[in-house]
Amino acid sequence: MKNDNVTAREVVEGIKSGNILCEELVWGIFERIERSELNAFITLNKENAVEKAREVDKKRNEEEYKRKKLLGVPIAIKDSISTRGIQTTCASEILTGYIPPYDAAVIEALKREGAIIIGKTNMDEFCMGTSTETSYYGPTRNPHDLSRVPGGSSGGSAAAISAGETVLALGSDTGGSIRCPASFCLYSSSCL
């Protein structure tokens, strides 16, 4: 399934009705990310995401799964938010290889509701910047014009949504870190 402008609600309804195969959706997203020139992601959670998608496809008719509000929805997480078992670097060399032993509360809630974490998005190092150019892992590019920035510090999340490299994305905002990337990348209705 192509996920250009598909909403989380459409994904959930499609999975629950059997019109969308979660595994196919997740593979399509990873294929798009791998072809991308945006550098929106620092870390991908491919094996785990595909495993979770298979589980969703297998169990989507079970009562426990039917109640999940984000069942099978692929979500990208800003790399400053703690994710148990997934590298979290804050886009800094100093944290390369750091694997948190716990999830942030918001990650626990997303998992409880059936969201599938596909990876960690690029950002300005330690959230200090407004362009997503100060990442140790290289700059993120604007999906509408590769010569432009996506804004920051949550630029990786906004660029990934706009380019169809995820359905939802999580960022953080102190002084415009979501608002600016959302406006720079245009399609921003799913950037939380």
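The structure holds zero disulfides, a disulfide being a pair of cysteine sulfur atoms within 2.5 Å. Cysteine 22 is buried at a relative accessible area of 0%. Cysteine 185 is also buried, at 0%. Here buried means under 20% relative accessible area, exposed over 50%, and partly exposed in between (1.4 Å probe, protein chains only).

This is a predicted model: local features need pLDDT of at least 70, side-chain atom pairs count only at pLDDT 80 or more, and totals for chains, interfaces and linings use all residues. Residues are numbered from 1 along each chain as its sequence is written, and side-chain values use heavy atoms, with hydrogens and water left out.

Now the charged pairs. Side chains of opposite charge can pair when their charged atoms come close. A salt bridge needs a side-chain nitrogen of Lys or Arg within 4 Å of a carboxyl oxygen of Asp or Glu. That rule gives eight salt bridges.

Arginine 54 pairs with glutamate 23, with the closest N and O atoms 2.9 Å apart. Arginine 54 sits in helix α3 (residues 46–59) and glutamate 23 in helix α2 (residues 22–35), so the bridge ties together parts 31 residues apart in sequence. Helices (H or I, at least four residues) and strands (E, at least two) are DSSP runs, numbered from the N terminus. Arginine 54 is partly exposed at 42%; glutamate 23 is partly exposed at 22%.

Glutamate 34 and lysine 46 form a salt bridge at 2.5 Å, N to O. Glutamate 34 belongs to α2 and lysine 46 to α3, so this pair ties together parts 12 residues apart in sequence.
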